[in-house]
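User: Hi! I'm new to this structure. Could you walk me through it?

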Amino acid sequence: MAEKSVSTESLGTAEQRKYKGRKLRVALIGCGGISEVYIRAMQALPQIELVAGVDVKADRLKMMEEKFAVKRLYRDWKRMLKEVKPQGTIVATPNILHAEPTIDSLNAGAHVLVEKPMAMNPAQCRRMIDAARKNRRKLAVGFQYRFHPNTEALLRARDDKRFGNIQFVKCQALRRRGIPNWGVFGQKRLQGGGPMIDIGVHVIEMAHYVMGSPKPVAAAANIWTYLGNKKSDVVCMWPNWDYKTYTVEDLAIGQIRFEDGSIMQIEASFAAHVKEDVWNFTLVGDKGGCQWDPPMVFTDRAGTMVNESPAYVGARSDFAYLFERKLADWVEACLRGTPLRAPGEAGLAIQKILDGVYRSAAAGKEVAIG
Ligand SMILES: NC(=O)c1ccc[n+]([C@@H]2O[C@H](COP(=O)([O-])OP(=O)(O)OC[C@H]3O[C@@H](n4cnc5c(N)ncnc54)[C@H](O)[C@@H]3O)[C@@H](O)[C@H]2O)c1
């Protein structure tokens with residue numbers, strides 16, 4: 001069943017700034033790069049109060065204190081959960097540490113927003129979902145592209161039955177040269193994979209959402225590593241990545257088959273020899289099709305093939321805004337019990353796709369997705 005789309009632009013209004021209602025006391029587990037985007041988003045959302053931060057690195061805790069005046073700082077999330085008793089946690093650690101702090105938080109009675117990908121594999125996702133159900137807490141996944149105005153415009157077109165039956169979707173998350181030069185993004189053991197799990201995940205999450213979240217049943221994929229594991233003096237936006245510890249793919253190409261017969265092709269790369277970076281999906285149905293960027297619907301009208309461009313989809317689509325929207329959706333769900341747009345179940349469906357891609361690439365043949 002397809003989810004209903006939701007209208008956009010509810011944040012940062014004068015009405016919200018006057019907010020006098022309940023607040024969610026939230027702790028950050030993992031205070032690295034993305035945590036700063038979260039903190040800025042929190043500053044726009046009066047329903048959230050940041051009460052603690054957890055990181056194993058002293059400099060990141062210092063940053064939390066000096067830059068954002070966070071007073072309760074910990075190196076161990078278990079201790080923080082016990083002493084601070086937050087009502088919610090945001091888990092933004094390396095992928096290998098998504099499941100454990102999420103489950104501990106849920107068992108301690110906190111709601112969780114866990115960053116993408118939801119975990120390292122579907123088995124971990126299932127344990128996280130079980131913990132949320134058992135403790136009756138909300139578990140959201142950091143899929144902010146579901147809140148992008150382009151995605152919402154295409155959701156409205158889908159709900160208006162403009163595409164008919166969807167047959168094919170092509171997802172592209174291709175960087176010409178963009179290997180992260182911070183964190184552990186090049187280490188398979190800690191991240192589970194490279195560009196497919198790190199950036200492909202986003203284009204897949206929004207395309208799968210617009211498709212109506214069909215059930216994946218099979219994957220056929222290949223991955224290649226040819227550049228990230230070598231020293232390079234090519235001028236690029238993130239030079240000097242750690243090539244010595246680089247064990248993930250540079251390029252992944254996969255095809256996913258869904259229960260309803262539709263197909264998704266996925267292309268993801270940190271270092272593809274393409275003209276320029278691509279961040280897009282296109283969709284083909286029996287009545288119409290679309291592309292995400294710029295948003296456009298391809299269909300027939302009164303005997304004419306037309307390409308329809310919306311005149312307006314929303315005032316903002318920047319990263320900060322998308323984080324505000326995904327935080328607001330989670331906080332609303334925690335405080336008022338509204339349904340999440342990116343619940344743990346959505347994270348599991350996407351994880352099965354990612355896992356299928358890597359399993360197929362390792363096996364050298366198509367694999368079933370259970
Ligand atoms: N949604 C998005 O657009 C988006 C963007 C960037 C990153 N992310 C995700 O957020 C997560 C973190 O990414 P990042 O860019 O902030 O990486 P990062 O490496 O900058 O930050 C990770 C932080 O986790 C800390 N950490 C490691 N072990 C820990 C532990 N045991 N307890 C507490 N903290 C620990 C590290 O010290 C580091 O400060 C990743 O899963 C990534 O995929 C999502």
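User: Which helix gives the largest share of the shell around the ligand?
Analyst: That is helix α2 (residues 33-43), with three residues. Helices here are DSSP runs (H or I, at least four residues), numbered from the N terminus. By the way, this is a predicted model: local features need pLDDT of at least 70, side-chain atom pairs count only at pLDDT 80 or more, and totals for chains, interfaces and linings use all residues. Residues are numbered from 1 along each chain as its sequence is written.

User: How many residues surround the ligand?
Analyst: There are 25, and the closest are Gly 30, Gly 32, Ile 34, Glu 115 and Gly 183.

User: Which domains does the shell draw on?
Analyst: Domain 1 (14-145 + 322-343) and domain 2 (147-314 + 349-368) each give at least three residues. Those bounds come from an automatic or database domain assignment.

User: And how far apart are the centres of domain 1 and domain 2?
Analyst: Taken over C-alpha atoms, 26 Å separate them.

User: New topic: at what angle do α4 and α5 cross?
Analyst: The axes of α4 (residues 77-84) and α5 (residues 99-107) cross at roughly 20° and come within 10 Å. Axes are lines fitted to C-alpha atoms over the stretch in contact, with angles from 0 to 180 degrees between N-to-C directions.

User: Which residues meet there?
Analyst: Trp 77, Lys 78 and Leu 81 in α4 meet Pro 101, Asp 104 and Ser 105 in α5.

Notes: A residue is near a molecule or strand if its C-beta atom, placed from the backbone, lies within 6 Å of it. Helices (H or I, at least four residues) and strands (E, at least two) are DSSP runs, numbered from the N terminus. Two residues are in contact if their C-beta atoms, placed from the backbone, lie within 7 Å.
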